[in-house]
Amino acid sequence: MELTSDAEIPNEEATPPPRRRGRKKSQVWDHFTIENVSGGCTRACCKLCKQTFAYSSGSKIAGTSHLKRHITQASCPMIKNEKRSRLALTAGNESEQDGGSSEVPQLKRRYRVSGYPNALFDPERSLNCLAKMIILHDYPLHIVEQPAFVAFVESLNPRFKVLDVGSMEGEILAIYQREKENLVQTFANIPGRISLAIGLWTTSQTLGYISLAGQFIDSDWKLHRRMLNFMMVSSPHSENALSEAISLSLSDWNMKDRLFTITLDNDCSSHDIYSANLRDHLSNKHTLMLRGQLFVVRCYAHILNVVAQDVIASIHGTVYNIRESIKFVKASPSREEKFAEISLQLEIPSAKTLSLDMTTQWNTTYTMLEAALEYKQAFTVLETCDDNYNEAPSAEDWRKVEVVCAYLKLLYDSANVIAGTAEPTSNVFYHEAWKIQHELVNAIKSEDPMISNVAKDMHEKFDKYWKDCNLVLAIAVVMDPRFKLKLVEFSFSKIYGEDSSRYLKAVSDGIHELYQEYAAQPLPLTPAYVEQVEEANHAGAAATNPPSNETEKSKKNATAAPVGNTGDRLLDFDMYLSEIAVTQPARPEIEQYLEEALVPRHPEFEILNWWKVNSVRYPTLSKMARDVLGIPMFMAAGPGGGSASSVFCVGTGNRVLDEYRSSLRPELVEALFCAKDWLQYQPIVDAPATSPAIVKTEM
């Protein structure tokens with residue numbers, strides 16, 4: 001019986017039938033009717049389930065308490081339907097807490113139909129939500145067997161039976177498989193190539209893992225990154241193992257011929273040999289653009305972290321003294337007050353607060369040093385007036401800290417710019433990289449030996465990154481219509497001086513050669529063009545088959561009639577244009593693009609939207625721009641790439657899988673990692689199916 005009839009839903013504004021003065025009609029009768037039986041007895045019949053109850057026997061009335069319990073305590077089988085997840089009929093329990101009175105506020109509650117809060121109970125849906133919770137929050141699978149968790153779930157709904165660990169593994173693998181099938185369909189519709197961001201993982205065992213994430217720009221010019229695989233390998237740092245993992249992944253996702261670049265965060269000292277071997281391995285199986293010159297890209301976050309760690313390590317003794325000094329000051333309120341008095345007497349204007357760093361986040365070490373630097377005089381005075389404190393750095397140490405902070409600020413600001421970019425397309429990285437390279441090149445020439453020494457140490461590794469990646473960085477910024485080749489010309493003149501033309505030619509040649517490779521590929525057919533081709537084919541078929549007499553007659557009539565189709569009148573004109581195109585080919589799109597004026601640099605400018613709008617003008621060049629702008633220059637950036645704080649993580653190239661996940665089967669580890677990435681782009685739960693249910697409300 002449906003719970004939607006007027007008889008079941010009381011009308012709160014309806015007036016009760018006439019009754020004797022002084023007698024109040026119980027609201028129970030909104031849900032029961034009285035039926036006469038033999039012998040002058042009456043019974044109360046539930047309107048929902050039609051079950052009857054004794055009400056009166058002659059002059060003796062049984063009362064309504066048992067009828068109230070039938071409704072309020074879910075004794076009615078229609079209310080106690082197993083498809084309802086919640087029931088708010090607790091009036092009976094509240095009456096017991098109020099002393100058992102039958103005339104307590106529960107009698108003034110009406111019942112109405114509710115929707116979402118009374119969703120139908122679906123155990124399959126609940127199980128799916130539980131599995132997603134485990135995936136998204138990295139809970140261990142054995143949580144489903146922990147007594148406290150089981151008791152918690154049963155308190156919510158005793159009818160939901162939590163699975164054991166083995167069954168939960170099956171549910172997680174099923175979610176992974178479903179989401180993977182959906183993603184395969186998405187990749188099938190990608191208009192361009194895909195670039196891979198590759199992470200290397202180690203475990204406490206001898207085995208390791210390789211993570212592969214694909215980054216691409218879709219047909220609507222939106223940037224995406226999705227985890228593809230998390231594969232166990234015997235030697236994750238081996239070129240052979242990595243190339244095999246990449247080939248298996250591309251084959252698994254039906255993208256063998258669509259690989260554009262790979263981004264690594266491995267150690268820079270071995271990058272040349274590593275990338276060359278990797279390029280050789282993969283070029284035998286996959287077609288690489290621009291002869292593989294853009295193929296292996298180094299992670300920008302990794303080089304910032306490596307350089308920052310090295311420069312901090314160069315003054316590790318001073319960093320230790322400052323850290324211990326801050327610990328001393330913060331050890332007690334009295335010391336903090338004393339330090340504050342000293343700072344006030346010295347009239348130190350700084351509003352910065354002393355704080356300790358986290359050794360795993362180099363940016364916190366920078367902010368610690370920067371704040372301590374402004375209180376250097378206070379630390380010196382504190383050492384003279386407190387015998388327990390003897391960690392104050394010397395004047396020379398503070399000078400080193402000042403120089404180091406000046407160059408750490410370059411890295412710190414650059415990392416924040418990248419981490420704060422909503423869609424970190426590859427064009428934004430050139431601006432940051434060339435500024436750092438320029439500053440370090442100038443600093444090396446400084447007459448101050450302390451500045452030049454710090455700059456040399458930093459430049460040694462950053463220059464290696466610049467040489468490896470300046471071509472791909474430059475091509476990416478050329479795809480930005482606000483800068484094109486002009487910014488490369490300007491920045492190269494600052495970095496290379498008189499030799500800039502030689503380096504600029506290498507970039508220009510690379511851009512034109514890459515464009516020619518795209519121009520050699522057939523353009524996708526637009527709907528209008530497809531229609532024209534079909535019409536041409538149809539006309540050709542008609543010419544091959546001689547028309548019948550009736551057809552010929554109708555054609556003559558059509559010829560005699562005035563031509564009303566403008567397109568038909570312009571057919572000869574179209575043929576003329578085609579002939580001109582053959583004899584006088586149009587200038588390449590890349591030349592037109594580079595010669596046009598730069599687009600104004602407005603803060604609201606969106607590069608992907610610009611290419612979306614201008615893809616009709618540049619059908620070939622836009623294909624190249626889509627692939628180039630989708631290169632992941634930054635392992636920690638991009639959709640699905642990780643948190644912004646991970647840009648400052650020490651040791652980004654040495655990820656370690658925890659003991660728990662190391663103990664799981666490899667296919668389950670992959671399912672957990674990949675499904676977590678995929679599910680973050682979806683709503684956690686869908687709106688539940690609902691059914692009208694009776695809930696109480698105060699009058």
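Contact here means heavy atoms within 4.5 Å. The model is predicted: local features need pLDDT of at least 70, side-chain atom pairs count only at pLDDT 80 or more, and totals for chains, interfaces and linings use all residues. Residues are numbered from 1 along each chain as its sequence is written, and side-chain values use heavy atoms, with hydrogens and water left out.

Select W611 to begin. Leaving aside neighbours within four places in sequence, W611 is in contact with W221, M479, P481, Y593, Y618, L621, S622, A625 and L629.

Helices are DSSP runs of H or I, at least four residues, and strands are runs of E, at least two, numbered from the N terminus.

Now colour helix 15. Its N-terminal end is capped by D448, with a side-chain oxygen 2.9 Å from the backbone nitrogen of M450. Further along, centre on C469 for a kink of about 60°, the angle between axes fitted to the seven residues ending there and the seven starting there.

Finally, go to S211 in strand 7, residues 208-217. S211 is buried, at 10% relative accessible area. Its contacts beyond four places in sequence include A197, M227 and F230.

Methods: A polar contact is a pair of N or O atoms within 3.5 Å; within protein, one must be able to donate a hydrogen and the other to accept it, and residues adjacent in sequence count only if both atoms are side-chain atoms. Buried means under 20% relative accessible area, exposed over 50%, partly exposed in between (1.4 Å probe, protein chains only).
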